[in-house]
Amino acid sequence: MGKTSDDTLKDAARMSRIEQLLSQMTLTEKLGQLTMTASGYAVTGPIIVGDSTDSIKDGSVGNLLNMVGPGPTHEMQKIAVEQTRLGIPLLIGLDIIHGHRILFPLPIAEAASFDPRLWERTAREAAKEGAADGLAMTFAPMLDVSRDPRWGRTAEGGGEDGWLNSRIAEAKVRGFQGDDLSSKDALAACAKHFAAYGPVNAGREYAPVDISERTLREVHLPPFEAAVKAGVETIMPAFTDLNGIPMTAHVPLLRDYLRSELGFDGVLVSDYNAIGELIKHGVAADLVEAATLALKAGVDIDMMADAYRKGLPVALERGLVTMDEIDACVRRVLRLKEKLGLFDDPYRRGSTPEAPQALVDRRALAREVATRSVVMLKNEHDTLPLPASTQRIAVIGPLADAAYDMCGCWWAAGEHEPNTTVLAGLRAALPAAQIEHAAGVPILEDERSGIAAAAALVDNANAVVLCIGEGVRQSGEAASRAYPELAAHQRALAQAVFERASARGVPVIVVLFSGRPLVIPELDAKADAILAAWFLGTEAGHAIADLISGKASPSGRTPMTWPRALGQVPIFFGQRPSGRPMNADDFYTSKYLDVSNEPLYAFGHGLGYGRFAYSDLRVIPERVTENDTIRVTVDLVNEGKRAAEETVFLFMRDKIASVARPLLELRGFTKIALAARR
């Protein structure tokens, strides 16, 4: 859609105001607009980490992060607008990754729903809640493709496929930014971490990245291209280097690809102290050189390195940068503030308290999304849902009554909000059942004295719900794990429960919490049913209880392959063919000597309470040219005894091409709910 005459006039007015401000700004004030500093709130009033509010007053700080609440944010804005020479409002942001106060499932969990409608709705609700707290920016969505479950930030993204992450990018940008960025309930989204942060060496956080240009272009850049096309306002370069060039100083990708090739004209904001870390990367001798490299690459805002304020004046004196380059960055920052409506009304976000019903509706949405994000990995002999006759349930494990851990990493302002536990959820859903509980072991500490007492609960139970897995701080940033599996003491608890339950014929349902796929071949072999619960947020316990009781049917599907052995990593569905594909009858083919090539659970795996049968696959037309549209249809019937929802995936493969193509490429998915046929 082209611009209307009103849009053109608005753009002209904005540019007029921006150019007028630029003409009046001192170098200190310009660099202040390129500086973002962490902030907080104390009894004595607003505080700035390592600085003071005097830096806002003199114009040397123009952007803040990590402040929450209309009172503190408005007080800071008042300083900027009413006590500075030019009255330029602040840009205040926060990491709102999967909800603000009401927490939705982790991004990796939400991706398992394969539902763009829900992805957009949760971002929209998070934006409303964050904006009501005075915020104007979120450092989300994270669009890093992860094919290595050792990497802790797997929890924050959409899994292993670039095409899937592209669809998530579109939905999240729409949800956060809404139809009008200047609206009081809109946030500027930030696509991060550009680019190829996921394939860090050995799955270790902040480690170097060394991948091919083809993998970069085909897997890791498409989600960011999708975000740019969706209108994302800001992008954050990754901490890491790519093939030897730190992303914060990567001219070919930041300036040439993003700015020139994609036409991105929004704001590039550095990650926390990333400009300063160019020194540790070994590409800059000091802050002057680091600031110069980042500015030349097109990074507009320096977050927490103080490199621009301290380094650019010296760089300017030495002729390393020009005032025109600085002005270009300032212009983009001011334009973003203009789009957000901050110049017209810096207090509009947080000016109106949300209606009580908004909280009720948001919790209902959180429960729905959590329910649809759980993946049922296994369900032998239709163990789930529990029969209505189940009267005695043993709820065992360190995560059964762990409210804090239900939130998952990056809880934004929701750390102290009440999260529903599995134990509480089951007691609410099954009031007539006798439910006994024992943790057995702690989540992290290797303490096993409670195992015997916990396992003894099996003796009086019709069913066991075993809640085990990672703790809240075992996934997310700086939480890489060389062994992404159950802790030894949790394995000991599980073994004791399995032995006791097997001897008495009691089914064991494992509710597995994690921010990534875990290596769990023993659980798969011994559990009667397994629910991959990820970390589901505020309504975790109610969602899990809805599935166990049969109020809802599991519909989540794995957005990332689950390995059967750590040695298979990285393992993903989009691998390219080999000239010697695995052949059990031929020794000299691509295989392991000690484990199958196949994953424990493939991408897209997930069970429900229905039984779906596919038939009559049709592809029209049979022969196509490059300009044709291919239509694929299939008949689907639910032959089970219960209504359920199926996720239908469309994969393609170009069998003969000038370059070997992946064995499978995801090109579509849809959800369909069907009643039972009989």
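I began with the one salt bridge I wanted to see up close: the side chains of arginine 661 and glutamate 218 meet at 2.8 Å, N to O. For this I counted a salt bridge as a side-chain nitrogen of Lys or Arg within 4 Å of a carboxyl oxygen of Asp or Glu. Side chains of opposite charge can pair when their charged atoms come close.

A note on what I am looking at: this is a predicted model, where local features need pLDDT of at least 70, side-chain atom pairs count only at pLDDT 80 or more, and totals for chains, interfaces and linings use all residues. Residues are numbered from 1 along each chain as its sequence is written, and side-chain values use heavy atoms, with hydrogens and water left out.

**Entry 1: the domains**

I looked up the domain assignment and found domain 1 (29–340), domain 2 (385–565) and domain 3 (612–674); such bounds come from an automatic or database assignment. On the contact between domain 1 and domain 3, I noted 10 residues from domain 1 and 9 residues from domain 3, with contact meaning heavy atoms within 4.5 Å. The C-alpha centres of these two domains are 37 Å apart.

I then checked the area buried between domain 1 and domain 3: it is about 790 Å², and carbon and sulfur atoms give 68% of it. Buried area here is the accessible area (1.4 Å probe) that two parts lose on being put together, summed over both. The salt bridge count between the two domains is 1.

Which elements give two or more residues to the side of domain 1 that touches domain 3? I found helix H6 (116–132), helix H7 (162–177) and helix H8 (213–220). Helices (H or I, at least four residues) and strands (E, at least two) are DSSP runs, numbered from the N terminus.

**Entry 2: a parallel sheet**

Next I traced an open sheet of 3 strands, in the order S6-S7-S10, with parallel pairing. Its edge strands are S6 (190–194) and S10 (267–268), each pairing on one side only. I counted 4 bridges joining S6 to S7 (residues 234–237); two strands pair if DSSP finds at least two bridges between them. Phenylalanine 194 stands opposite proline 237 in S7.

**Entry 3: a salt bridge from S6**

The structure holds 52 salt bridges, and I picked out lysine 192 with aspartate 95, whose closest N and O atoms are 3.1 Å apart. Why did I flag this pair? Lysine 192 lies in strand S6 and aspartate 95 in the loop between strand S4 (91–94) and helix H5 (107–111), so the pair ties together parts that are 97 residues apart in sequence.

**Entry 4: backbone checks**

Most residues other than glycine have a negative phi, and most peptide bonds are trans. I noted a cis peptide bond between alanine 140 and proline 141, with omega about 10°; proline 141 is in the loop between strand S5 (137–138) and H7. The bond from isoleucine 620 to proline 621 is also cis, with omega near -5°, and proline 621 sits in the loop between strand S18 (612–620) and strand S19 (631–638). Phenylalanine 114, in the loop between H5 and H6, has a positive phi near 45°.
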